[in-house]
Every structure is written in C-alpha cells, then in structure tokens.
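Subject: Structure handover

Hello,

Here is the structure I said I would pass on. My notes on it follow below.

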Amino acid sequence: MILISFVLKIIGVLFMRSLITLFLILFCLPLMADKHYAFTPIDVTQGLSGNKVRNIAQLPDGRMMITTEGQLNIYDGTRFNYLHYDSCHSLYLSEYAGYHHDYLDDHGYMWLKNWYQLIVVDVNHERLVIHPDSLLREWGVTEPLKDFFMDKSQNLWLVTSTDDLVRIDRKREHSEIFLSDISVPNGVSDQLYDIGLIQHQLFLFYRSGLLICYDLGSRKEIYRRSLSDYLSAGTYGATSYIVFTDDCFYQLCNGPQGSVMLVFDTQLRQWRAILETKLWLNDLSIDKDQSIWVCCRYGLWNIDLVQNKTQYIPTLKLVDGRRIDTEVSTLCNDNQGGLWVGTANRGILYYHPDRFRFQNIGKALFPLRDDQSFYVTGFSETDQSEILVKTNAGTYLYNPQTGNMRLYGVQIAESSVDPLLSTVLPDRPVLQSLSFGKDTLVGITHYSWFLYDKKGKHLKSYNTSHVCNTLYIDASKRLWVGTEDGLLLYDLQTGKQRMFYTSDGLVNNSIRSITQTSNGHIWLSTAGGISSVTVHEEEGANTYQFVNFNHYDGVITDEFCERSVFQATDGTLYWGGINGFNRYVPGGHSSTPLTGRPLFVGFSLAGELIECGKEYQGRCILKQPLIQTHEIVLDHDQNFFTLEFTALNYINPTQTYYRYQLVGVDKAEREIHSSDGRGYATYTDLPAGQYVFRVQATGNGSSWNGQYAEIRIIIKALFWYTPLAWGLYISLFIILSVGVVMAYWRRKRRKLVREQKEKLDEMKSVFLQNMHSELAEPVDRIIAPLDTVLKRPDELCSRKQLQHIRQDAVELKSLISQLSEGILLPVSSDENSLNMEELQVSMRQLLEQQEQRKKQALCASVEVEESFLSASDEEFLRKALAYVEQNIDNIDYSVEILSHDMGMDRTSLYRRLVMVAGKTPTNFIRSIRLKRAAQLFEQGYTVAEVADSVGFSTSSYLSKCFLEEFGMRPTQYANKRRKE
C-alpha cells in the first residue's frame with residue numbers, strides 16, 4: 001500500500017507539473033518570440049564542486065564566483081578553484097532566513113549571506129575572512145546583527161540587535177546610526193527585507209509590503225507606498241528580491257498564493273506589474289541589452305520591455321539537442337553578454353547569442369531507430385520554401401518555420417556531373433563538375449582535378465596525393481578544391497595556386513564541401529567543424545582571414561558529408577553530415593571581442609605548480625594569488641618556468657588566440673592558438689636579469705585589442721655576478737691601481753732622492769778633497785822646512801820659535817782634518833730634513849770660491865813632492881776592489897753591503913775611501929763597474945750584455961754613466977779602441 005501511495009503521489013506531482021507547464025505555455029503563447037536558445041552545460045564532470053548551484057556572480061577581474069551547496073567555486077573559463085569555509089568564517093544574522101544573496105564592493109570583498117549567516121570573501125587574496133565581525137569592529141560596529149545590506153553606491157547598511165539602522169560609507173572610514181527603531185515603521189513590528197539607493201533617495205522595503213523613501217542627506221521621510229494598494233495579499237510577504245537601475249527598480253515578490261514581478265517608477269512613485277504567475281520566482285537579472293531574465297521552479301522568462309515581448313522557456317535545450325526540465329535557482333548576466341543559469345541539480349547552463357549560431361537538427365528529429373545508420377547527403381528546396389533533406393534512409397521534408405520534419409518519399413537521385421565527361425574520362429569516375437564560361441568544364445575525380453575545353457576538346461588534368469572531395473568556383477573566378485588534406489586555391493585566370501591547412505587557419509584539414517554567400521564569404525565544411533574564409537584583395541597579394549566554428553557554436557559533433565551543402569533562396573545555409581545537419585542564417589558572424597586583459601592563473605618551476613603562500617627551497621615565491629601578483633623574484637637556479645594565462649573566453653574557449661612576448665628574450669611576439677582557452681609560455685635557462693612578460697588575447701575572427709597583461713620576472717644572479725659584487729670588484733681594482741701607482745711614485749721618488757744624495761755626496765767629496773789638498777799643501781810646506789831647521793842644534797833660540805810655529809801648523813792641519821771629517825759625513829736619510837736647494841746653492845758658492853783659489857795658485861810655481869800610499873792603505877784598497885769585482889754582476893750590490901763586507905760602518909768607509917782613493921763609495925763601485933765595462937766593450941760585447949754583466953739595471957743607464965766617465969758613448973769607445 002505504501003508503494004502504491006508513493007507511486008500515485010509521484011504521478012500526481014508530474015500531472016500537476018504538466019498542467020502548470022501547459023498553462024504557462026498557453027498563457028505566454030501570444031507573447032512568445034521565435035528566438036532560439038541553446039545552453040551549454042557546466043557541471044561536476046568539468047570540475048564544478050556540486051550540481052546544486054545557489055548563487056552566481058562575476059568578480060571585478062571577470063572570473064565567475066559560483067556558490068554551490070557548501071562550497072565556493074572560482075571559474076576562469078577553463079578550470080575551477082575552490083574556497084572552503086566553516087564556522088570561523090561566518091557571522092550570525094538573526095533575521096535573515098533567505099537563500100544566498102551576494103554583494104560585491106570595490107574594496108576587494110564579496111559579502112555573501114545565506115540562512116542566518118554572513119561570510120566575507122577576500123577576493124584579492126582568494127580566501128575567506130576569519131571572523132568577519134573583526135572587519136565591522138574596525139568600522140565601529142560591535143553589536144550583533146540582525147541583517148546586512150549594501151546599496152548600489154556600495155554603502156553598507158546594518159540592522160543591529162538594538163534595532164538601529166547603521167550606515168558605513170563606501171570609503172569605510174566610519175559608521176553612523178541612520179535611523180533607530182527600524183523594525184517598527186508604523187508602530188507595529190515589521191521586518192526590513194531590503195534596501196536600495198537611487199539618486200540620493202533611500203528606499204526601505206518591509207515584509208508587509210511597505211515601501212518608505214528617505215532623503216539620504218537630511219534623513220527625512222519623503223513618501224510611503226504599500227503593495228497592498230496594488231496586489232492581493234497572497235502574492236507578497238514571503239520573499240522580496242530587488243534589482244536597481246538608474247531610475248527604477250524591479251521587484252520579485254512571492255506569497256502563499258502566487259508570485260509577481262513589479263517595476264517601480266521613482267518619478268511616478270508607483271508600481272506596475274510585469275509578470276504574474278503561480279510559480280515561485282527565484283531570481284532576476286538584466287542583460288546588456290536591458291532584457292530581463294526571471295527564473296522559477298520550472299524554467300525561466302525573457303522579458304523585453306522595449307518591444308513588449310515575453311518568452312517563457314519551460315524546458316532548457318542543450319547544444320547537443322538534449323532537453324532538460326529542472327528548477328532554475330539563480331541567474332547572472334556577465335560582461336561578455338553571456339547568461340549563466342544555475343540549476344537545482346544539473347549544474348550551470350551557459351548561453352550566449354554568439355555561441356549557438358548554428359541550428360543543430362539531429363537524428364532525434366527523424367523517425368528512425370536508435371541503432372539505424374543515418375547521414376545526410378544533400379538538400380533541395382520546394383516551391384513552398386521547404387527543404388528536402390536527402391539521406392541514406394530516404395528523403396525528408398523540413399519546415400524551417402515550424403521545425404517539423406516528415407518523410408517525403410524515396411531517395412531522389414541527382415547528378416552534379418556533366419554527361420559529356422563520361423565520354424571524356426570513361427576510365428575515371430567524375431565526382432563533381434562545374435562550368436567555367438561557355439566552353440570550359442572543371443571537375444574532380446578521386447585523385448585529380450581537371451580543366452576540359454569543350455571547344456578544343458583539350459583535357460588538362462592535375463593529379464593529387466589525396467582524395468578530392470569537392471570543388472567550387474567563386475564570384476572572382478577562383479577555383480577552390482577541397483581534398484582530404486588541405487584546401488587548394490587555383491586562379492583560373494593567372495594559373496597561380498596555393499594550399500591552406502590548419503596552420504593557416506582552417507578548423508580541419510579534411511574539406512568536405514564549399515560554397516559562397518552573397519557577402520563574398522567562402523564557407524567550408526570539414527571533418528571537424530566549419531570554416532569561413534574572407535578574401536581581402538590587396539595590391540600585390542591577397543590576404544585570407546579564417547573564422548572557425550565547432551560544437552560550441554552548435555556545429556554537429558560528427559563529420560560532414562562530401563558535397564552536402566545547400567544555399568536556400570533566402571540565403572540560409574544547410575550542411576549535411578552524419579546523424580544530422582546544420583542550419584545557419586547568414587547575417588554577419590563577427591564574434592564578440594574579448595575586451596579585457598588576460599589573467600595569469602598558473603606559474604610552474606621545472607614542471608612543479610607553485611602555490612600561493614607555500615615555501616619552495618626555503619622561500620615563498622607567491623605571497624599572494626598570481627592574479628594579484630605584479631612581480632616574481634626567482635633565484636639564479638630557478639630559471640626554468642612556465643606561465644599560464646586565460647582570456648576568460650566563455651563564449652568559445654577553443655577559439656582563443658594569444659600573442660605573448662618576454663621582453664629581453666623574444667625579439668617579436670609569439671602567437672599561439674589555445675584548444676581549451678588556456679595559454680602556456682615556457683622559458684628555460686634564462687640568464688640573470690629583469691624581464692617583462694606581456695600577453696594579449698583575441699577570440700575567433702576578432703582583431704587584437706592591444707590590452708596586455710604584464711608581469712615582471714626577476715632572476716637573481718649568483719653573488720659574484722650581482723651589482724654589489726661588481727661594485728666590490730671595481731672598488732678593489734681602484735684600490736689596487738691606486739696602490740700600485742702610489743708605490744711606483746714612492747719608489748721613483750726614493751730613487752730620485754737617493755740619486756740626488758749620491759750626487760751631492762760626490763760634489764761634497766770632490767769639494768772637500770780639493771779644499772783639503774789646497775789647505776794641507778801650504779801647511780806641509782811650512783812644516784817641512786821647520787823640521788829641517790829644528791834638526792840644527794846650534795840655533796837653540798830660533799829652534800824654540802820654530803817649534804812654536806810647527807805646533808801651530810800641526811794644530812791647523814788637525815783642524816783641517818776635523819773639518820773634513822765633519823763635512824764628509826753622508827747626507828741624512830731623512831728626505832724631509834734635506835733642503836736640496838739651499839745645499840746646492842751653498843755647494844755652488846764653495847765651488848766658485850775653490851775655482852778662484854785654483855786660479856791664484858796657478859800663478860805661483862809650486863813644487864810638489866811625490867807621495868806614496870802606505871802598506872795599510874794599499875791593503876785596504878786591494879780588499880775593497882776584490883769585494884766589488886766579486887759582486888760586479890750583482891745589481892743590488894750597494895754601499896751598505898760593501899761596508900758590511902769590509903767590516904766598517906758606512907761613515908768610516910766613506911771617510912777612508914775618500915782619503916785613500918779620492919772617491920766616494922758609490923763612485924768607487926761605479927768606477928770599477930765602468931772600467932770592467934770598458935774591457936768588455938773592447939772584447940765586442942753589446943751594451944745589453946755588458947749591462948747584465950757589470951750590474952747596471954738598464955742599458956740606457958749604463959750608457960749615461962759611461963758617457964760621464966769616459967766622455968763618449970760605449971759604441972764610440974769600442975770603435976775607437978778597435979781602430980787603435
């Protein structure tokens with residue numbers, strides 16, 4: 001009994017539903033338009049989290065936010081991302097007992113309330129806000145909420161537990177109480193259902209049907225209206241849904257006895273009913289053409305207020321011909337002109353006027369068995385403008401106005417081949433022929449196409465590697481031949497030909513039929529879709545633009561048949577294929593352009609998808625969602641990456657084209673065609689540097705809009721390649737260079753000072769030696785006679801006087817020796833204490849005085865006794881000479897080393913050499929080197945060889961010193977000695 005009762009209940013429900021549907025059809029039949037709607041399903045098989053769709057909204061970046069039962073889905077036209085929420089993401093609303101209602105603000109938040117709770121989505125970061133009341137506390141609201149609203153200007157309106165209506169301005173700077181006791185407008189408790197704002201007038205809608213209008217600035221009431229003056233009590237009060245425009249608002253009201261759609265004119269301050277029904281109305285949306293869409297438990301309405309037309313669509317037809325009956329729970333019209341229909345159990349149904357351009361008449365319309373093979377081979381037209389559909393199962397009569405199909409009779413045999421060709425090509429069956437002028441026939445066989453001159457009876461055949469399926473001669477006398485692998489274009493006047501493939505823009509390479517419409521477009525049916533070709537005739541060369549259509553446009557999913565194409569007298573095109581045919585009414589097929597920039601939706605490193613907020617190799621690469629990211633910084637070894645992007649081509653994602661460029665790497669833009677709407681760009685082994693990736697998109701047959709999405713990619717270099725490292729390198733180079741230069745100048749200065757000291761020592765030595773000689777000689781002349789006289793004993797008195805004279809002369813000589821010892825000391829090594837200019841002036845004066853004394857001495861004749869060296873002096877000179885000769889090739893052998901070898905300090909050596917040899921130690925060493933050099937020059941050695949042998953640093957320095965010693969250069973000296 002329970003089972004019978006259950007079955008009877010189901011039958012009763014179905015019967016009532018059929019009656020309601022019949023009533024609606026009959027009621028709306030006078031208002032119905034002939035517009036055809038076909039929807040594309042988007043459900044769990046494509047990634048939707050569930051088929052129970054409760055709300056649909058479009059985000060500011062163009063993506064769709066789809067709320068299912070328990071989950072949020074973000075859809076970019078190719079894939080879904082999911083947002084999960086629990087109790088920590090919700091705020092309790094004590095008076096909202098309705099279904100999902102969304103509000104989008106321009107601060108990056110989506111406010112979604114549903115059945116006593118409010119959740120907030122941070123759209124920019126693709127996450128839900130934890131504890132939404134924290135946001136409200138920032139704006140000064142701490143009380144619990146009864147309900148939440150947002151007006152068209154994005155002001156937030158909160159009904160608090162103290163019955164205050166609180167306003168938070170759109171800048172979110174502060175909150176204020178706009179009205180108190182908001183739930184008792186007439187002194188009786190009444191629930192506030194909705195809020196709206198039009199031209200600084202605030203409208204409050206109550207459950208009782210009361211409407212109160214306030215001035216937003218003064219907060220004074222302007223007027224009141226009540227639905228009870230317009231409607232019966234049973235058609236409102238349960239729910240109320242408002243959609244605002246610039247000068248009016250539309251209102252859906254549901255009550256226990258029926259539902260009504262109203263429009264309220266803010267100028268006339270009154271309602272007007274547009275639609276009344278017994279069905280519960282769920283949602284209302286307005287498309288870009290200002291048509292109103294209303295959904296209900298059984299289908300939806302499309303209302304055109306401008307043309308005063310209403311169309312009820314109780315059953316939703318899919319693009320593949322299937323029909324579904326389901327409750328439509330929500331609606332959304334996107335900015336591309338598409339309609340998103342959310343159902344109670346079938347997911348989403350998407351419709352766009354550009355998507356189903358081709359009417360698909362499938363096998364289900366023909367009275368055939370399900371297992372029966374079926375294909376359409378051709379068409380023709382009757383005098384009543386009905387279409388004869390020729391199939392393998394007979395000929396059918398199709399009425400384009402009513403869509404009815406009935407069996408017409410047996411198959412009608414027609415031939416598209418000129419009978420003359422059977423005699424011209426008896427061994428090859430001709431598949432199709434056309435006349436070109438009066439005397440020329442053009443035709444195809446299986447593997448060739450040909451030209452036949454009937455007047456001259458001349459046949460010219462062109463063999464092909466692939467089967468020829470069809471041919472066509474267009475209005476410009478161009479021949480198009482469709483083969484199994486490409487489209488051949490042959491100019492009958494010039495003889496030029498060209499092949500087209502999918503790489504040139506074809507939807508498929510297997511061409512099945514060709515025709516041309518009155519606007520000059522060439523239409524091609526293929527094994528996988530339809531292509532339209534537009535020839536742009538330009539000087540020098542023609543260009544060809546392809547627009548392709550596939551199952552998203554209503555094209556049959558199976559292959560088209562060869563030469564099965566027909567153009568009716570009204571211009572309508574028909575293509576026959578397997579399991580059905582397509583019907584298309586030309587009228588321009590320009591696609592809706594993609595107006596926005598593409599979105600970056602994926603980033604991978606070495607094939608691994610990078611997730612937001614997740615660390616990779618100890619560093620977070622994406623700190624926020626990629627859509628909100630403007631710069632990505634990578635390490636030097638992370639230079640193998642892939643960027644994914646989408647153009648949000650909801651209309652036909654398979655016909656999406658991209659042009660992209662990595663500035664700094666790609667010299668020009670790369671163009672790709674995406675088969676699923678998503679584009680990919682991969683780069684490997686990029687050097688360190690900063691790059692900008694830019695991409696633009698277009699749809700099928702559309703021009704490029706020039707709107708680029710850009711993202712900066714920074715690949716960091718290894719430390720020793722970084723600017724800091726290069727700065728350190730440059731600084732170090734500068735420091736080293738400065739150090740080398742300073743060291744060079746210090747060495748050069750020391751050398752110069754040393755040479756000056758040695759030269760001054762030499763000048764001083766010569767001067768003092770001369771002075772010693774000049775002073776000692778007269779003293780010796782005095783002492784010598786005195787010694788002689790003192791030897792005479794008989795002159796005692798004179799002897800004492802002479803002794804005193806001698807003693808004075810000895811003291812004078814001692815003083816001269818002391819003078820020599822004091823002056824002959826080396827010049828101080830302290831360069832700063834040496835005043836070269838004063839010393840040179842003093843030496844110059846002394847030398848001048850010495851020269852004057854020499855001149856005076858020459859005037860007198862002086863006999864000089866010969867003097868000889870003592871044994872100790874000879875031993876001293878012999879030892880010094882030996883040490884110098886032993887080290888004569890040592891360039892570093894100096895006075896200090898000689899002093900050490902002789903066992904003397906430098907001062908003592910200096911004094912002894914000057915006294916014995918008359919030379920300073922430096923001149924003594926150099927003199928020995930130069931004398932040895934002279935011997936080597938006599939033996940024929942070169943200057944360079946001699947310089948190395950006698951301890952001179954350079955050949956030029958040897959030549960200079962040799963010139964000073966011998967008065968001639970080494971080469972002159974060697975030549976002179978050889979001559980001698």
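Does Glu-875 count as buried or partly exposed? At 48% relative accessibility, Glu-875 counts as partly exposed. Burial here means under 20% relative accessible area, and exposed means over 50%. Please keep in mind throughout that this is a predicted model.

Overall picture

The protein chain has 13 helices and 62 strands. Of its 980 residues, 46% are buried. The accessible surface comes to about 51200 Å², and carbon and sulfur atoms account for 51% of that area. Among contacts between residues at least 6 apart in sequence, 50% join residues at least 24 apart.

Salt bridges

The count of salt bridges comes to 30. Glu-875 takes part in one of them, with Arg-878, where the closest N and O atoms are 3.3 Å apart. These two residues lie three apart in helix 7 (residues 871-886), so about one helical turn separates them.

Another salt bridge joins Asp-163 to Lys-146, with the closest N and O atoms 3.4 Å apart. This pair links distant parts of the chain: Asp-163 is in the loop between strand 12 (156-160) and strand 13 (164-168), Lys-146 is in strand 11 (residues 145-150), and the two are 17 residues apart. Both Asp-163 and Lys-146 are buried.

Arg-670 and Asp-666 also form a salt bridge, with their closest N and O atoms 2.9 Å apart. Arg-670 is partly exposed, at a relative accessible area of 36%, whereas Asp-666 is buried at 8% relative accessibility. Finally, a network of salt bridges links Asp-76, Arg-79, Glu-644 and Arg-678.

Strand 30 (residues 339-343) is largely enclosed by the rest of the structure, because five of its five residues are buried. In a regular strand the side chains alternate between the two faces of the sheet. In strand 30 both faces are covered: Leu-339, Val-341 and Thr-343 are buried on one side, and Trp-340 and Gly-342 are buried on the other.

Strand 30 pairs with strand 29 (residues 328-333) in the antiparallel sense, over five bridges. Within this pairing, Val-341 is the bridge partner of Leu-331. The two strands form a hairpin with five residues between them, and Gly-337 in the turn has a positive phi of about 90°.

Strand 30 also runs antiparallel to strand 31 (residues 348-351), and four bridges join the two. Here Gly-342 stands opposite Ile-348. Strand 30 and strand 31 make a hairpin too, with four residues between the strands, and Gly-347 takes a positive phi near 75° in it.

Another part to look at is an open sheet of four strands in the order 15-16-17-18, with antiparallel pairing. Strand 15 (192-198) and strand 18 (221-226) are at the edges and have a single partner strand each, so one side of each is left without a neighbour in the sheet. From one strand to the next, the twist averages 15°. Inside the sheet, strand 16 (residues 201-206) and strand 17 (residues 210-215) pair over five bridges, and Phe-203 has Cys-213 in strand 17 as its bridge partner.

Strand 62 (residues 709-715) is largely enclosed by the rest of the structure, because five of its seven residues are buried. Four bridges join strand 62 to strand 56 (residues 631-634) in parallel, with Val-633 opposite Ile-714. Seven bridges join strand 62 to strand 61 (residues 689-698), and these two run antiparallel. In that pairing Gly-689 stands opposite Ile-715.

A nonpolar patch on the surface has about 1300 Å² of accessible area together, and its residues include Phe-719, Trp-720, Tyr-721 and Trp-726. Trp-726 lies in helix 4 (residues 723-790) and is partly exposed, at 45% relative accessibility.

One buried leucine

Leu-605 belongs to strand 52 (residues 599-605) and is buried, at 11% relative accessibility. Leaving aside neighbours within four places in sequence, Leu-605 is in contact with Ile-610, Ile-621, Leu-634, Gln-638, Phe-640 and Phe-641. Leu-605 and Tyr-616 are 11 residues apart in sequence, and their C-alpha atoms are 9.8 Å apart in space.

Regards

Notes:
Residues are numbered from 1 along each chain as its sequence is written. This is a predicted model: local features need pLDDT of at least 70, side-chain atom pairs count only at pLDDT 80 or more; totals for chains, interfaces and linings use all residues. Side-chain values use heavy atoms; hydrogens and water are left out. Buried means under 20% relative accessible area, exposed over 50%, partly exposed in between (1.4 Å probe, protein chains only). Two strands pair if DSSP finds at least two bridges between them. Axes are lines fitted to C-alpha atoms, for helices over the stretch in contact, and angles run from 0 to 180 degrees between N-to-C directions. Patches are made of residues with over 30% relative accessible area and no salt bridge: like charges are joined within 9 Å, nonpolar side chains (Val, Leu, Ile, Met, Phe, Trp, Tyr) within 5 Å. Accessible areas come from the Shrake-Rupley method with a 1.4 Å probe; for residues, only the protein chains shown count as cover. A salt bridge is a side-chain nitrogen of Lys or Arg within 4 Å of a carboxyl oxygen of Asp or Glu. Contact means heavy atoms within 4.5 Å.
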